[in-house]
Amino acid sequence: MWILDCEEVDTPNPQVVQSVTNGGKTTLAKNLQKRLPNCSVISQDDFFKPESEIRTDENGFLQYDVLEALNMEKMMSAISYWMESPAYSLTSTNERSLEEIRVLIIEGFLLFNYKPLDTIWNRSYFLTIPYEECKRRRSTRVYEPPDAPGYFDGHVWPMYLKHRQEMENISWEIIYLDGTKSEKDLFSQVYEDLIQELAKQKRLQVTA
C-alpha cells in the first residue's frame, strides 16, 4: 500500500503506504479514513490510462504493472491540489487537537518508484505478502480486462520483484508490514504509529 500523507496547517507532512498487488493497501486506507475525521484518500489505481494506451509485451500480456500505464502527472496534480488547499481556519494552531489535523492517505502499488514523489513523504509503509498468498488473493479478484492465463507469473509478480529491487536504493525509512496479519492488527499497528507521528508533528509546530 502506498501513501499516507498528513498536513498540519500550511505545512505538509506526507506519510506513504505501498504494497504488492492484493496486499491489503486499499482496505487499510479505507479503515484509517473511517477512523480519522479529517482524512482524504487518493488511490493510484484511479489513474490508470485507458486500455487502448496500455502496451503489450511479446507474450501478449498487457503491461499494467509499470509506471507508463499510469497518468502520474494527473495524480500529482490531485496531490498538489490537496496540499495547497487552505486548512481549516482556527484561531490558534496550538489549540488544534490531533483529530483536527488534516490527513491525506495516498495508496498504491508504484509510489516509491516515482521520483517526483520522493520529497513529500514523512512516513512510509510497505505491506508485503508471500508469492503463494499474493497469487491466491489475485485469483479471487475480478479485473477489467480480466487476467489472461499465466498473467500473474508472466507479468504481475516479475514486475513486483523488479520494483521491489529498485526500492533498495531508497534513502528514507520504510516501515514494512506483514500483509498476512489480520485486518484489525494491521489497522491497529498503523493507526497507533500514525497518531504518534501526528503528535510529534504537532509538538514541532507548537515549539517552532
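**Close-up views of a predicted chain**

**Figure 1. Overview of the chain.** The chain has 5 helices and 6 strands; helices (H or I, at least four residues) and strands (E, at least two) are DSSP runs, numbered from the N terminus. Their order along the sequence is β-β-α-β-α-β-β-α-α-β-α. This is a predicted model, in which local features need pLDDT of at least 70 and side-chain atom pairs count only at pLDDT 80 or more, while totals for chains, interfaces and linings use all residues. Residues are numbered from 1 along each chain as its sequence is written, and side-chain values use heavy atoms, with hydrogens and water left out. Of the 208 residues in the chain, 50% are buried. Buried means under 20% relative accessible area, exposed means over 50%, and partly exposed lies in between (1.4 Å probe, protein chains only).

Figure 2. Strand β3 (residues 39–43) runs parallel to β4 and is joined to it by 5 bridges; two strands pair if DSSP finds at least two bridges between them. Which residue of β4 is the bridge partner of valine 41? The partner is isoleucine 105.

**Figure 3. Strands β5 and β6.** Strand β5 (residues 123–128) is largely enclosed by the rest of the structure, because 5 of its 6 residues are buried. It is joined to strand β6 (residues 175–178) by 4 bridges, and the two run parallel. Threonine 128 has aspartate 178 of β6 as its bridge partner, and phenylalanine 126 stands opposite tyrosine 176 in β6. The side chains of β6 alternate along the strand.

**Figure 4. The nonpolar cores.** A nonpolar core is a set of buried Ala, Val, Leu, Ile, Met, Phe, Trp, Tyr and Cys residues joined through side-chain atoms within 4.5 Å. The largest has 37 residues, of which Ile42, Met75, Ile79, Ile106, Phe112, Leu117 and Trp121 touch the most other members. The elements that give two or more residues to this core are α2 (72–84), β4 and α4. A second, separate core has 18 residues, including Leu36, Cys39, Ile105 and Leu186.

**Figure 5. Helix α3.** The buried residues of α3 are Glu133, Cys134, Arg137 and Arg138. Seen down the axis of α3, these residues fall within an arc of 135°, so they line one face of the helix; the arc is that of the directions from the helix axis to the C-beta atoms. An α-helix has 3.6 residues a turn, so residues three or four places apart point the same way. Glu132 and Ser139, on the other side of α3, are exposed.

**Figure 6. The largest pocket.** The space in the largest pocket is about 750 Å³. On a 1 Å grid over the protein atoms alone, a pocket is an open set of points where a 1.4 Å probe fits, with protein on both sides within 12 Å along at least five of seven lines; lining residues have an atom within 4 Å of a point. The volume is the space filled by probe spheres set on the points, which are joined across faces, edges and corners. Of the 33 residues that line the pocket, Thr21, Asn22, Arg138, Arg141 and Tyr143 are the closest to its centre. Helices α1 (25–35), α3 and α5 (183–207) each supply at least two lining residues. Which helix gives the most to the lining? Helix α1 does, with 5 residues.

Figure 7. Proline 145 lies in the loop between α3 (131–139) and α4 (151–166). The peptide bond from glutamate 144 to proline 145 is cis, with omega near 0°. Most peptide bonds are trans. Leucine 62 lies in the loop between β3 and α2 and is buried, with a relative accessible area of 18%. Leucine 62 and proline 145 are 83 residues apart in sequence and 9.3 Å apart in space, C-alpha to C-alpha. Phenylalanine 109 is in the loop between β4 and β5; at 13% relative accessibility, phenylalanine 109 counts as buried.
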